[in-house]
Amino acid sequence: MDTSMLATLLIKNGLITAFVFVGVVTWVSYWLSKNLTRGHVHGSAIAIAMGLALAYVGGVYTGGSKGLADIAIFSGVAFLGGSMLRDFAIIATAYGADLTAIKKSGWVGAMSVVIGVVLSFVVGALVAVAFGYRDAVSITTIGAGSATYIVGPVTGTALGASSEVVALSIAAGLIKSILVMICTPLAAPYIGLNNPKSAMVYGGLMGTTSGVAGGLAATDPKLVPYGAMTATFYTGVGCLIAPSILFFIVRFLVE
Amino acid sequence: MIVYGVALLSFCMLIGTYAGNLLGNLLGVNANVGGVGISMVLLILLSNMSNKKLHLNAMSESGIYFWSAMYIPIVVAMAAKQNVIAAVSSGWLAVIAGVLAVAVSFAVIPLISRFEVGDEADHEVR
């Protein structure tokens, strides 16, 4: 089989090629996480960073705006990472979240989620304004990205933000996620992060599911499901209020 | 049947997206407002209902868990198709927004922890 036949095969089976691509990126990332950072930076964070780096390479190579997906053999990546499957997978993460366990964490757990989303949103939105963004859609998308790298693109897609702004929102969320992973084990003794309840409050405040899960895994693996549970709600609450209430507030303030 | 789980998940997404579009129309924005969040709430409510008719067995659940586990790989693919070049040209924005968001969130933890003291939920969790 010569190269063009192989390329045709990969293009015709775009989604399958994308599965292999993501699998390889993930494998390399977890290898790097284990051997280069001794597990301090979670593999998923490295994988996402590699995705962004490869999108940069793809952009340089093709001059297009869809990152790696502009290269024909990686066109399936655009479908796998498109809004339909992305939203589908995010909704799936909510499954198994136990309402009674959430209720047990009381008002504090619920409040921490809302406070966490609004705080990060306000910080991100102010930074966006400081950098010269004046339209409500861009400010909201970047603010939402400061919540998590999921809320950013979901909000951006809903409001029709430009791909550049969506990429910025992902980058902001990714930096937050990586920082949370690194800082959690260091901060744990100072913030009493040693029981399920404080893990839930912490997950609710920080929100980034991979950051919280990675950070708690490095602190105490038993705490992971509790933190991840509220972090899951964070993404849901963020997706609910960022493109709606928070967007309207921003639009009211800007216009 | 695995497909029952996948179908329930899909059902929640379609209803949530429809509700999100409806909400968007009501609010005067031509957009899907909170559709993903509504879908998540719907899935949590349905999966927590005591009604045995809706109870999924382990096999059906695995249809949902599969997609839940595909969340990070899909996000990797999503990252790989972004217009990163455009984002990098104003790179400091992302760094500053990310760092400040973490710093502010950390700063608030002691405040929230103070509210925790004397919370009745304390006893139930431990």
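The centres of domain 1 of chain A and domain 2 of chain A, taken over C-alpha atoms, are 25 Å apart. The model is predicted, so local features need pLDDT of at least 70 and side-chain atom pairs count only at pLDDT 80 or more, while totals for chains, interfaces and linings use all residues. Residues are numbered from 1 along each chain as its sequence is written, and chains are lettered from A and ligands numbered from 1 in the order in which they are written.

**Domains of chain A**

- Domain 1 covers 3-81 and domain 2 covers 93-254; such bounds come from an automatic or database domain assignment.
- In chain A, 10 residues of domain 1 are in contact with 10 residues of domain 2 (contact: C-beta atoms, placed from the backbone, within 7 Å).
- The side of domain 1 of chain A that touches domain 2 of chain A has 5 nonpolar, 5 polar and no charged residues. Ala, Val, Leu, Ile, Met, Phe, Trp, Tyr, Cys and Pro count as nonpolar, Asp, Glu, Lys and Arg as charged, and the others, Gly among them, as polar.

**Contact between the chains**

- Chain A gives 87 residues to the contact and chain B gives 66 residues.
- On the side of chain A that touches chain B, the largest share, 14 residues, belongs to helix H10 (residues 163-187) of chain A. Helices (H or I, at least four residues) and strands (E, at least two) are DSSP runs, numbered from the N terminus.
- By class, that side of chain A holds 58 nonpolar, 22 polar and 7 charged residues.

**Chain B overall**

- Chain B has 7 helices and 0 strands.
- Of its 126 residues, 42% count as buried (buried: 20 or more other C-beta atoms within 10 Å of the residue's own; exposed: 12 or fewer; partly exposed: in between; C-beta atoms are placed from the backbone).
- Among contacts in chain B between residues at least 6 apart in sequence, 54% join residues at least 24 apart.

**Helix H4 of chain B and its partner in chain A**

- Helix H4 (residues 71-80) of chain B has 10 of its 10 residues buried, so it is largely enclosed by the rest of the structure.
- Helix H5 (residues 83-93) of chain A packs against H4(B) at about 150°, with the axes 9 Å apart. Axes are lines fitted to C-alpha atoms, for helices over the stretch in contact, and angles run from 0 to 180 degrees between N-to-C directions.
- H5(A) and H4(B) are therefore roughly antiparallel (over 145 degrees; under 35 is roughly parallel, 65 to 115 roughly perpendicular and the rest oblique).
- Leu85(A), Arg86(A), Ala89(A), Ile90(A), Ala92(A) and Thr93(A) of H5(A) meet Tyr71(B), Ile74(B) and Met78(B) of H4(B).
- The residues of this contact divide into 7 nonpolar, 1 polar and 1 charged.

**Helices H1 and H3 of chain B**

- The axes of helix H1 (residues 2-26) of chain B and helix H3 (residues 58-69) of chain B come within 5 Å and cross at roughly 50°, which makes H1(B) oblique to H3(B).
- The contact of H1(B) with H3(B) has 8 nonpolar, 4 polar and 1 charged residues.

**Thr235 of chain A**

- Thr235(A) lies in helix H13 (residues 224-254) of chain A and is buried, with 27 other C-beta atoms within 10 Å.
- Leaving aside neighbours within four places in sequence, Thr235(A) is in contact with Ile90(A), Thr148(A), Ile150(A), Val151(A), Gly207(A) and Thr209(A).
- The C-alpha atoms of Thr235(A) and Val154(A), 81 residues apart along the chain, are 10.0 Å apart.

Key: Two residues are in contact if their C-beta atoms, placed from the backbone, lie within 7 Å.
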